[in-house]
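Hi there,

Here is the structure I promised to pass on to you. Have a look at it first, and then read on for what turned up.

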Amino acid sequence: MKGVIPTPIKPTTFKPENLTQLEVPTLAFFGTEDGVIGNVDAARALAENIPDINIRIVESGHIIGVELSEIVNNQILEFLSSD
């Protein structure tokens, strides 16, 4: 990422009716200290509209895969290997 100039983008907010249409198993991580997502309880409530979702709430900021790489990697492997 050296030399990359970050480009601010406005996050897309999904509506519950959009999420109910997802047809794939989904694994979502939310960090309790995520300043980008904001309120983890509100994010979880919205994500629960996805029919086949597994939600993990962890003590982390926004870059969960870096901050808690071992935990995240293990849970992703477990999720992908489940039927």
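How much space lies in the largest pocket? In this predicted model, the answer is about 510 Å³. Its lining is made up of 17 residues, and Thr12, Phe14, Phe30, Ile37 and Leu46 are the ones nearest the centre of the pocket. Two elements give two or more residues each to that lining: strand S1 (26–31) and helix H2 (40–47). By type, the lining residues of the largest pocket divide into 12 nonpolar, four polar and one charged.

Six of its six residues are buried, so S1 is largely enclosed by the rest of the structure. You can check this on both faces: Thr26, Ala28 and Phe30 are buried on one side, and Leu27, Phe29 and Gly31 are buried on the other.

Next, follow S1 to its partner. S1 and strand S2 (residues 53–58) run parallel and are joined by six bridges. For example, Gly31 has Val58 as its bridge partner in S2. Together, S1, H2 and S2 form a right-handed β-α-β unit.

Finally, go past S2 to Ser60, which sits in the loop between S2 and helix H3 (64–67). Is Ser60 buried or exposed? Its relative accessible area is 3%, and buried means under 20%, so Ser60 counts as buried. The side chain of Ser60 also makes a polar contact, at 2.8 Å, with the side chain of Glu67.

Enjoy exploring!

Best wishes

Key:
Residues numbered from 1 in each chain as written. Predicted model: local features only at pLDDT ≥ 70, side-chain atom pairs only at ≥ 80, totals over all residues. Heavy atoms only, no water. 1 Å grid on protein atoms, 1.4 Å probe; cavity = no way out; pocket = protein on both sides within 12 Å on 5 of 7 lines; lining within 4 Å. Points joined across faces, edges and corners; volume = space filled by probe spheres on them. Helix = DSSP H or I, 4+ residues; strand = E, 2+ residues; numbered from the N terminus. Nonpolar A, V, L, I, M, F, W, Y, C, P; charged D, E, K, R; others polar. Buried < 20%, exposed > 50% of the residue type's maximum accessible area, 1.4 Å probe, protein only. Pairing = 2+ DSSP bridges. Right-handed = clockwise from strand over helix to strand, strands pointing away. Polar contact = N/O pair within 3.5 Å; in protein donor to acceptor, adjacent residues only side chain to side chain.
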